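Colleague: I would like to learn how to read a model like this one. Can we take it feature by feature?

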Amino acid sequence: MHSVEQVPKLTVIAPATGQLIAEIEETRIHEVPLFYQRGRNAFAAWSCISIPDRLRYFRKLKQLMVDEMDQIARIISDDTGKVLTEAIVADIMPTLDAIDHIIRHAEKVLSRQKAKTPFLLIGKKSYIEYMSRGVVLVISPWNYPLQLAMVPMVSALAGGNSVILKPSEVTPLVGKCIEDLFNRSGFPEGTVQVAHGGKEVGAAFTEGKPDYIFFTGSVRTGKIIQQQAARDLIPTTLELGGKDPMIVFKDANLERAAKAAAWGAFTNSGQVCMSAERLYVERSISDEFLELLKSEVRNLTQGSDENADVGSMTFPAQKDIVKAQLEEALARGAKLETGLEPVNWQEGMFLPLTVVTHVEQDMKIIQEETFGPLLPVVHFDTEDEAVTLANGTVFGLNASVWTKDKEKARRVASRLVSGAVVINDVIITVANHGLPFGGTKDSGIGRYHAEGGLRIFCHEKAIMEDLGLMNSEIQWYPYKGKYPLFLKLFKNYFGEKRNWLSFAKDYLALLKIK
Ligand code: NAD
């Protein structure tokens with residue numbers, strides 16, 4: 001009798017309702033080599049087809065997503081607890097825009113580029129080529145489960161790589177949806193594979209020697225992945241956490257800034273790597289601003305219907321982090337301006353939208369990523385103080401500066417140690433696929449989006465071309481008699497006043513030595 005192997009399953013509980021909505025088969029660890037084998041076989045063919053031919057599949061994928069936009073939004077919403085509007089605006093739209101951008105720009109960005117050849121290398125031509133890397137492993141988180149998986153995937157695919165995605169086990173339904181979308185777009189077998197499971201599955205794929213790892217997630221996991229990548233010399237991009245400051249000067253449009261603070265802090269229930277996690281307000285307007293902010297927050301509705309503003313939390317464990325940070329702050333004298341003390345929180349995944357004041361710079365609520373609907377407000381007196389406070393954490397992903405003084409805004413933006421800064425708006429740089437995206441300090445290593453976001457998935461290859469007509473080169477053997485001539489040639493060439501006649505004479509003299 002044969003025993004039937006039990007396939008482990010991921011259970012999908014809708015966070016907003018607590019209902020079991022699906023079960024998804026996990027990838028087993030022993031299948032990992034098979035994934036890589038299929039990926040490598042597919043790579044051999046996919047990397048050889050032209051970019052326009054690759055992009056035909058992208059067009060099918062885009063159209064399929066346009067046709068099924070509502071169904072995809074509902075899957076995202078069920079799986080994460082986010083409201084439908086946020087599923088479509090902040091997860092589906094950026095994915096479609098990235099695909100669109102790639103369709104329009106990939107051929108130009110990834111084709112052979114001419115490079116300058118210095119005069120000293122007379123007679124040669126120089127180029128840069130972009131050569132596909134191989135099998136790219138994408139590991140993604142749960143907060144924007146569609147775009148944070150699909151954007152790196154399509155970027156890697158455009159460059160001729162095959163892709164293995166390991167989506168978050170917290171939102172496996174979206175992982176399944178992505179797998180299905182690529183399958184139905186007709187991508188050749190093995191070009192795109194999706195492995196379902198948790199951190200053990202992620203670790204097994206990381207150890208499976210991919211040619212590149214694109215990771216989005218926590219700093220903790222990012223460091224584990226980078227260690228494994230270092231062992232095998234695998235290049236990586238790490239998109240990690242954030243603790244983004246929002247700086248409001250007294251001359252800002254306060255009404256707009258208050259609306260932005262409410263949205264920037266509470267969109268996606270605050271589970272955004274680029275959400276406004278710290279609010280710094282100039283002291284002279286702090287009372288007025290706090291009142292505006294509180295009235296914005298009080299107007300927000302929480303729920304899961306189509307008109308709700310704020311959905312539920314996605315990941316149960318995240319609630320504990322938010323709670324612990326708030327408890328520490330309250331115990332040390334912080335004051336609740338909106339929301340409830342954690343002892344009064346209700347069961348379930350909807351957390352009160354919380355604004356706190358009387359907060360110290362060394363509290364967890366200021367120093368550690370919260371990833372929940374909790375906004376600490378701090379006052380400052382000078383521009384220098386605001387910059388110092390804003391730069392005073394280990395993170396540096398995004399930030400925003402609010403003032404009508406353009407010069408001040410640009411000056412402060414330049415002084416912030418951050419991968420992106422928005423002036424008089426929040427978060428929005430991520431929606432412009434033409435801008436690079438990534439963090440400084442513990443927020444990550446590397447960038448994607450824009451031209452660089454396609455080229456990271458390729459080896460940059462330097463090519464120089466000589467017609468091969470001359471029998472020798474001046475720097476080749478024999479060296480006899482060349483040193484004094486080179487000395488003269490280089491002193492003249494690199495000196496302040498170049499003498500071209502003397503250069504030509506020395507160059508010809510060098511050529512004659514055979
Ligand atoms: P996480 O690090 O717990 O998990 C991310 C992914 O890594 C998941 O797919 C998980 O299964 C996998 N994983 C976990 N341990 C692993 C291991 N040892 N080896 C290989 N894979 C492993 O992060 P999360 O909780 O899913 O996401 C939230 C975090 O992501 C937050 O810190 C947030 O700031 C960050 N984030 C960053 C960005 C960005 O672009 N910078 C965007 C969104 C989220």
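Modeller: Start with one residue, and keep in mind that this is a predicted model. Beyond its neighbours within four places in sequence, asparagine 492 contacts Lys497, Arg498, Asn499, Ser502 and Phe503. Asparagine 492 sits in helix H16, residues 483–494.

Colleague: Is asparagine 492 buried or exposed, and why?

Modeller: Buried means under 20% relative accessible area. Asparagine 492 has 10% relative accessibility, so it counts as buried.

Colleague: Next, the sheet. How do I read strand pairing?

Modeller: Strands of a sheet pair through backbone hydrogen bonds, either parallel or antiparallel. Here seven strands make an open, mixed sheet, ordered E12-E13-E14-E11-E10-E15-E16. Strands E12 (335–338) and E16 (422–423) are the edges, each pairing on one side only. Strands E11 and E14 pair in the parallel sense over four bridges. Tyrosine 280 has valine 378 in E14 as its bridge partner.

Colleague: Which strands does helix H10 lie across?

Modeller: Helix H10 (residues 286–298) lies across E10, E11, E12, E13 and E14, at about 145° to E11. Helix H9 (residues 254–266) runs at about 170° to E10.

Colleague: And how do I judge a domain interface?

Modeller: The size of an interface is often given as the accessible area lost when the parts come together. Domain 1 and domain 2 bury about 2000 Å² between them, 57% of it on carbon and sulfur atoms. On the domain 1 side, Val83, Glu86 and Trp142 lose the most area, together 27% of what that side buries.

Colleague: How many salt bridges are counted between domain 1 and domain 2?

Modeller: The count is one.

Technical notes
Residues are numbered from 1 along each chain as its sequence is written. This is a predicted model: local features need pLDDT of at least 70, side-chain atom pairs count only at pLDDT 80 or more; totals for chains, interfaces and linings use all residues. Side-chain values use heavy atoms; hydrogens and water are left out. Helices (H or I, at least four residues) and strands (E, at least two) are DSSP runs, numbered from the N terminus. Buried means under 20% relative accessible area, exposed over 50%, partly exposed in between (1.4 Å probe, protein chains only). Contact means heavy atoms within 4.5 Å. Two strands pair if DSSP finds at least two bridges between them. Axes are lines fitted to C-alpha atoms, for helices over the stretch in contact, and angles run from 0 to 180 degrees between N-to-C directions. Buried area is the accessible area (1.4 Å probe) that two parts lose on being put together, summed over both. A salt bridge is a side-chain nitrogen of Lys or Arg within 4 Å of a carboxyl oxygen of Asp or Glu.
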